[in-house]
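Look at the sequence and the model first.

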Amino acid sequence: CHHVPPRNESKVAPSAPFYHLLSTFLLPSLSLFPSNASLSSTLWSILSLLPHSTRYSLYDAWSYPSLEKAPLRFPPGGAGLPSKPLPRIQSEIATGWECRHFLKRLSKENKQDWNRQLAKSSHNNPIVVFSTVLAQIEAYDNLVTIMIDNFRFVTKLGLDVMGYCIL
């Protein structure tokens with residue numbers, strides 16, 4: 001693609017049409033697919049060419065105005081219609097429920113099995129998963145060591161989104 005610089009050049013912000021394509025179609029469409037690590041890795045191969053500030057603004061647009069059920073309750077502008085397409089909201093709700101389900105059952109004894117399942121659920125909605133995981137880590141300090149093992153199974157896009165969620 002001629003809008004993104006080659007890897008050997010310095011990272012430059014993409015052109016406005018390419019940014020619009022990424023923020024409106026490519027990143028949000030990841031939420032609509034079942035968990036697929038290869039799709040996430042393919043998208044990361046494009047996003048890795050962009051500077052951090054541009055990637056984080058794309059993640060911000062991806063999560064706008066809020067996650068899970070909030071866009072249904074409080075649509076921006078009070079127009080009465082959600083700002084996100086309903087399939088995306090449904091996908092975020094399902095991923096959030098699945099993530100909370102895994103976190104409830106996670107312990108030191110069964111962390112290997114549940115960590116793989118949690119990482120798999122983060123492939124299509126990493127912002128939802130890592131926002132939930134970080135909220136749980138803030139509440140329960142003993143989850144830190146268990147979650148560190150989880151990061152072995154997360155894609156590079158997921159790790160970058162986790163950095164965004166931490167900030």
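## A buried aspartate

Asp 160 has a relative accessible area of 9% in this predicted model. Buried means under 20%, so Asp 160 counts as buried. Asp 160 sits in helix α9.

Which residues does Asp 160 touch, once its neighbours within four places in sequence are left aside? The contacts are Trp 44, His 52, Arg 55, Tyr 56 and Tyr 59. Trp 44 lies 116 residues from Asp 160 in sequence, yet their C-alpha atoms are 9.1 Å apart in space.

## The helix around it

Asp 160 is one of several buried residues in α9; the others are Leu 157, Gly 158, Val 161, Met 162, Tyr 164 and Cys 165. An α-helix has 3.6 residues a turn, so residues three or four places apart point the same way.

With neighbours within four places in sequence set aside, Val 161 is in contact with Tyr 59, Trp 62, Pro 126, Ile 127 and Phe 130. Tyr 59 is also among the contacts of Asp 160.

## Two nonpolar cores

The largest nonpolar core has 22 residues, and the members that touch the most others are Leu 47, Tyr 59, Leu 157 and Val 161. Two or more residues come from each of α1, α2 (37–47), α3, α7 (126–139) and α9 (156–166). Which element gives the most to this core? Helix α9 does, with five residues. Another core, of 11 residues, lies apart from this one, and its members include Cys 99, Leu 118, Leu 143 and Met 147.

Leu 143, from that other core, is placed in helix α8 (residues 143–150). Its relative accessibility is 7%, so Leu 143 counts as buried. Beyond residues up to four places away in sequence, Leu 143 touches Leu 106, Gln 136 and Ile 137. Between the C-alpha atoms of Leu 143 and Ser 107 there are 8.4 Å, although 36 residues separate the two along the chain.

## Where α1 meets α3

Two packed helices are described by the angle between their axes and the distance between the axes. For helix α1 (residues 16–30) and helix α3 (residues 52–63), the axes come within 9 Å and cross at roughly 55°. That angle makes α1 oblique to α3. The crossing is right-handed.

On the α1 side, the residues that meet α3 are Tyr 19, Leu 22, Ser 23, Leu 27, Pro 28 and Leu 30. On the α3 side they are Thr 54, Ser 57, Leu 58, Tyr 59, Ala 61 and Trp 62. How many residues of each class take part in the contact of α1 with α3? There are nine nonpolar and three polar residues, and no charged ones.

## The whole chain

The protein has nine helices and zero strands. Its pattern along the sequence is α-α-α-α-α-α-α-α-α.

Of its 167 residues, 42% count as buried. Among contacts in the protein with a separation of 6 or more, 68% are between residues 24 or more positions apart. The contact between Asp 160 and Trp 44, residues that are 116 apart in sequence, is an example of such a pairing.

Key. Residues are numbered from 1 along each chain as its sequence is written. This is a predicted model: local features need pLDDT of at least 70, side-chain atom pairs count only at pLDDT 80 or more; totals for chains, interfaces and linings use all residues. Side-chain values use heavy atoms; hydrogens and water are left out. Axes are lines fitted to C-alpha atoms, for helices over the stretch in contact, and angles run from 0 to 180 degrees between N-to-C directions. Helices (H or I, at least four residues) and strands (E, at least two) are DSSP runs, numbered from the N terminus. Angles under 35 degrees count as roughly parallel, over 145 as roughly antiparallel, 65 to 115 as roughly perpendicular and the rest as oblique. A crossing is left-handed if the near helix is turned anticlockwise from the far one by less than a right angle, and right-handed if clockwise. Contact means heavy atoms within 4.5 Å. Ala, Val, Leu, Ile, Met, Phe, Trp, Tyr, Cys and Pro count as nonpolar, Asp, Glu, Lys and Arg as charged, and the others, Gly among them, as polar. A nonpolar core is a set of buried Ala, Val, Leu, Ile, Met, Phe, Trp, Tyr and Cys residues joined through side-chain atoms within 4.5 Å. Buried means under 20% relative accessible area, exposed over 50%, partly exposed in between (1.4 Å probe, protein chains only).
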